[in-house]
Amino acid sequence: MSFKSIIQDMKGEFGRMRSRSHRVVEDRSVNVVDAMRQSCWANMPSELLRDVLARIEESESAWPQRKNVVACGGVCRSWREIMKEIVKNLEVSGKLTFPISLKQPGPRNTVIQCFIKRNRGNQTYHLYLNLSQASNDDGKFLLAARRCRRPTYTDYIISLNADDVSKGSNSYIGKLRSNFLGTKFTVYDAQPPNFGAKVTKSRSTRLVGMRQISPRVPAGNYSVAHVSYELNVLGSRGPRRMQCVMDAIPASSIEPDGVAPTQTAFMPGNFESFPSLPFFRSKSSRTDSFRSGPLNAPKDEMLVLKNKAPRWHEQLQCWCLNFNGRVTVASVKNFQLVASVENGGVAQEQENVVLQFGKVGKDIFTMDYQYPISAFQAFAICLSSFDTKIACE
């Protein structure tokens, strides 16, 4: 039986149950019948139900068909709990499924290909997942950001909802803040990325905290990364030089047996009343929401990413990097980030590209990332490339 016929059968069963419930109420002779409890799908043996849902999850391996997996998680509580067990995290499955996947590290051996659309008119940026190898497909919407210019800094508010990009919304998940010169940026997460995370006090923290439900899990701004661009006071020619210090990811995560903090559920807080995605809330304890332990490492033990140095092409008379066909337009914003590790006190750059970003058309940019950073962190780092840099150009 196809998934479509299953859903239609369920709707018909629920409709018959509801109609019978209404007739019982009108007769006032017996109690109201619970349609959900009398449905054949609600009373299905757990082993059979698990097998059906596992087959759906396995067969719908890519978007837009994967929306059926998300739909299964929203049917009822029993279906939701089973789907949470069946769907593996992004590092293992390599599939973006639920919104929490955007906060999880990407897969180790494959790259998640995305693209960003910029709207100059309203200063918004939308992140999409590539549905095919073509760079001009419609894509699956993932995240939205809005640029808010202040007298001494610039904020990029990041949201799960393209129609509601504000600090006080239920879909707010973090932000990027720059200094006055546009050379230093801080990435803030609205949810604690690990046990050792400390909230940063600010006005936006109070706005998020207004929606806080559980006092055990403070909602606010948690610093997860710092991005800095090297000053170019002499105006010398050459590409930008940038460095990212990932506060929430240890340097050991890039090793074969390394582990990066992996969030498995949104903590109770500003997502408690998220109406469009009710099955993404978690009632588990705080210790169940993270796979790894606390990160209280000093700065030299945090993961450091640096842009890969381009080479000068004599014939083209420009700086070049190998983007494997994912970048087609020359731009000062293009970059590739690789991990920088210390070996005997000397910093060495690895060859594996963790994040690459580049221009492919007017206001269209590709963004490809992999383990150990998440889509949220990669998107925030790429947003820093859009900001005006007075002392770097």
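1. Phe-115 faces Thr-366 of strand β15. That pair belongs to the contact between β1 (residues 112-119) and β15 (residues 364-369), where six bridges join the strands in the antiparallel sense. Pairing here requires at least two DSSP bridges. Helices (H or I, at least four residues) and strands (E, at least two) are DSSP runs, numbered from the N terminus.

2. On the basis of the coordinates: this is a predicted model, in which local features need pLDDT of at least 70 and side-chain atom pairs pLDDT 80 or more, while totals for chains, interfaces and linings use all residues. Numbering starts from 1 along each chain as its sequence is written, and side-chain values use heavy atoms, leaving out hydrogens and water.

3. Strand β1 has another antiparallel partner, β2 (residues 124-129), and six bridges join β1 to β2. Within this pairing, Arg-118 stands opposite Tyr-125 of β2.

4. What sits between β1 and β2 in their hairpin? Four residues separate the two strands, and Gln-123 has a positive phi near 55° in this hairpin. Gln-123 is not a glycine, yet its phi is positive, at about 55°. Its place is the loop between β1 and β2.

5. Tyr-128 and Phe-141 have ring centres 6.0 Å apart and planes at 75°, so the pair is edge-to-face (centres within 6.5 Å; under 30 degrees stacked, over 60 edge-to-face, the rest tilted; six-membered ring for Trp). Tyr-128 lies in β2 and Phe-141 in β3 (residues 140-149), so the pair, 13 residues apart, links distant parts of the chain. The whole structure holds nine aromatic pairs.

6. Now the helices. The axes of α3 (residues 46-59) and α5 (residues 77-86) come within 10 Å and cross at roughly 50° (lines fitted to C-alpha atoms over the stretch in contact; angles 0 to 180 degrees between N-to-C directions).

7. Which residues of α3 meet α5? Leu-49, Arg-50, Leu-53, Ala-54 and Glu-57 meet Trp-79, Ile-82, Met-83, Glu-85 and Ile-86 of α5 (heavy atoms within 4.5 Å). Of the residues in this contact, seven are nonpolar and three charged, with no polar ones.

8. Check the cis prolines too. The bond from Trp-63 to Pro-64 is cis, with omega near 10°. Pro-64 is in the loop between α3 and α4 (67-73). Tyr-371 and Pro-372 are also joined by a cis peptide bond, with omega about 15°. Pro-372 is in the loop between β15 and α8 (375-386).

Technical notes
Nonpolar A, V, L, I, M, F, W, Y, C, P; charged D, E, K, R; others polar.
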